[in-house]
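Keep the viewer open as you read.

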Amino acid sequence: SNCIPGQDCQSCKVACRPGFDSYGGPTGNTRRCESKDVNGLLAGVFPDIPVCLPFEPAPKCPTPMTAEKWSRQGKAAFKGLAPLASLKSFGCEGCPSASSGGEVCCRMSCADGYEHQSGDGQPVPVACVEQEDRGSHLVEGFCSSLSEKECLETREWVDEEKTAWEPCCFVDGEGCTRKGSEHITIRSLKSKVVAQSGGLKCAPSRKASWGEMPTCKAICKNRFMSLGKPLFGLDEHEVKQCSGCEAGGPGKYEAMRKLQANQLPNPKGIATKSAFAEGDEFTVSEVHHDYESEEPWIWGKLKDGNGWIPLTSLSTGKDSARKIDGEEAGCHCKASCDRANRFEPRAGEVEGARACRLNYRTNEASFDDEPLCGKTCAPPSDNEGTRHVSAECGQCIAGDPGCKCEVTCADGSKPRVYQASSLYTCDLHGEFEGLPDCAPQCTKPQDQGGFLDTSKCAKSCFASTDAASSDCDCQLQCKSKAAPIAGGPAGKYRCELIPGSSTTPASSKWVPQDPRKKDFGVPICIPNFEIVVVNAEDKKPLD
């Protein structure tokens, strides 16, 4: 009262109560009484007063976007794409910042399948820390004409020297303006009730973020070793290098479609000269997860410095390039067959570098499958020239049903037991089983015109290398009207094997069964001679 129009009224002061902040209206506490035409009459009136609302509360940290939280938001199919997929959180939802006086309520540890890079692996406290430079997270600009979304992300300088700024505020029905704008008044907001119920929204000048979190990495378990030994047939020296490899990250990649590099890790960035066709390989020195863009991607920085390549869509989990080698990140993992011990890859199997990859669906790291190896089989023996072994037998791998090894009896030899097939496979131990037992045969000796008795000799016998293994006997002697003149002695004979080689077939012959008797062949018999002395004149025998 008692205020003169056109002058400051020192006795009239308007200020917000303690705990409340002033929004809009004339600045300063002292009010000025102004003249105003009211229905043709000048009247003294006070301008509208500012809006008083509670001070901006201490900020809270966002709920950690772990794989579990990501799943609850309907993205369960891609747990591994969560911003904090490497962590598990405990009690971290709604945690106030330390500036509000609240206790540290959040604890974090590594997610399943991830390894701590320090500490004992137990959950550790993580503080919610308020950002010291208030408003630095807001976009600088002019508040007027901004959409509501843009308005609540922007601040405006109030002087040319940029020494002071105010957040932009959105007034329902009015639009976006500065916090201290004269357009924000009780009258413009219709009533205190409207203002306090949401008619006024301002960009938050305070922001909090999580302090130091555990450092966790998705490390592939060395699936190529078991109980300290390499899996069957793998090269031990190589697979020992497969421990401690991290999934994703720097390394060599293969393009799965046509790719274009950008100057910045952003789908709307300017293209560089680097482009790759499907199947091309390139090396990435750094990986960046861009969650802020409308089209979020995992980007890889080309080692040659010619831009960034999109690797994986964070929206769909679809790869545009796949990691094939982790050498760039210190992972020297290779999986090849142990050739020093005659192991070879089975048909269609690929040896060489193995990349550690993260399965986005399960959030688990694993290596590519190991190659299936089989032991190279030593070719079957020709068994002293009794068998013919095909060249393909030297190319067979243990357990491979595609082995085309053919083994038959050599010329002059026959199988002791009938064989239904001449094709053989090599078992898992590298051995050929069921090979034919071949040997040459000795046929019954000629009876030399009826003077050699062969009645106690079989028609044929398989040859053997010693008397103990002989499967038949043959008794030979001259008949009573004949006498041996050469060859071996009368008695028992056996069929002797004369060893050959892969180029000279084995042969056989009859030899005395008694090794003490010399081998001169079978007895040679001629009929007995009768000498008769006759008279020269009459040709009659002499007495």
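**The largest pocket and what surrounds it**

The largest pocket holds about 830 Å³ of space. Of the 37 residues lining this pocket, Ala 247, Gly 248, Gly 249, His 289 and Leu 358 are the closest to its centre. Please keep in mind that this is a predicted model.

The largest share belongs to β30, which gives four residues to the lining. Sorted by class, the lining has 21 nonpolar residues, nine polar ones and seven charged ones.

Now step back to the whole chain. The protein chain has four helices and 44 strands. Of its 543 residues, 36% are buried. If you look at contacts in the chain with a separation of 6 or more, residues 24 or more positions apart account for 56% of them.

How many aromatic pairs does the structure hold? There are four aromatic pairs in the structure. One of them joins Phe 232 and Phe 343 in an edge-to-face arrangement, with 5.1 Å from centre to centre and 90° between the planes. Phe 232 sits in the loop between β19 (229-230) and α4 (236-239), while Phe 343 belongs to strand β28 (residues 343-345), so this pair ties together parts that are 111 residues apart in sequence. Are the two partners buried or exposed? Phe 232 is exposed, with a relative accessible area of 52%, whereas Phe 343 counts as buried at 10% relative accessibility.

Another pair is made by Tyr 253 and Phe 282: their ring centres are 6.2 Å apart and their planes are at 10°, so the pair is stacked. This pair links distant parts of the chain, with Tyr 253 in strand β20 (residues 251-255) and Phe 282 in strand β23, 29 residues apart.

Arg 155 lies over the face of Trp 165, at 5.1 Å from the ring centre. At Tyr 23, the charged end of Lys 179 sits over the ring, 5.0 Å from its centre.

Let's turn to Phe 432, found in the loop between β36 (423-424) and β37 (438-443). Although placed in a loop, Phe 432 is buried, because its relative accessible area of 11% falls under 20%. What surrounds this residue? Leaving aside neighbours within four places in sequence, Phe 432 is in contact with several cysteines, namely Cys 377, Cys 393, Cys 396, Cys 403, Cys 405 and Cys 426, and also with Ala 378, Pro 379, Pro 380, Tyr 424 and Thr 425. Take Cys 393 as an example: 39 residues separate it from Phe 432 in sequence, and the C-alpha to C-alpha distance is 9.5 Å.

Thr 454 is buried, with a relative accessible area of 10%. Beyond neighbours within four places in sequence, Thr 454 is in contact with Lys 444, Pro 445, Gln 446, Asp 447 and Leu 476.

Finally, have a look at the backbone. Most residues other than glycine have a negative phi. Asn 383 has a positive value, with phi near 55°. This residue lies in the loop between β32 (373-375) and β33 (387-389), and Asn 383 is partly exposed, with a relative accessible area of 29%. Lys 539 also has a positive phi, near 65°. Lys 539 is found in the segment after β44 (524-527) and is exposed, with a relative accessible area of 59%.

Conventions: Residues are numbered from 1 along each chain as its sequence is written. This is a predicted model: local features need pLDDT of at least 70, side-chain atom pairs count only at pLDDT 80 or more; totals for chains, interfaces and linings use all residues. Side-chain values use heavy atoms; hydrogens and water are left out. Helices (H or I, at least four residues) and strands (E, at least two) are DSSP runs, numbered from the N terminus. Buried means under 20% relative accessible area, exposed over 50%, partly exposed in between (1.4 Å probe, protein chains only). Contact means heavy atoms within 4.5 Å. On a 1 Å grid over the protein atoms alone, a cavity is a set of points where a 1.4 Å probe fits but cannot get out, and a pocket is an open set with protein on both sides within 12 Å along at least five of seven lines; lining residues have an atom within 4 Å of a point. Grid points are joined across faces, edges and corners, and a volume is the space filled by probe spheres set on the points. Ala, Val, Leu, Ile, Met, Phe, Trp, Tyr, Cys and Pro count as nonpolar, Asp, Glu, Lys and Arg as charged, and the others, Gly among them, as polar. Rings of Phe, Tyr and Trp (its six-membered ring) pair if their centres lie within 6.5 Å; planes under 30 degrees apart count as stacked, over 60 as edge-to-face and the rest as tilted. A charge sits over a ring if NZ of Lys or CZ of Arg is within 6 Å of the ring centre and within 35 degrees of the ring normal.
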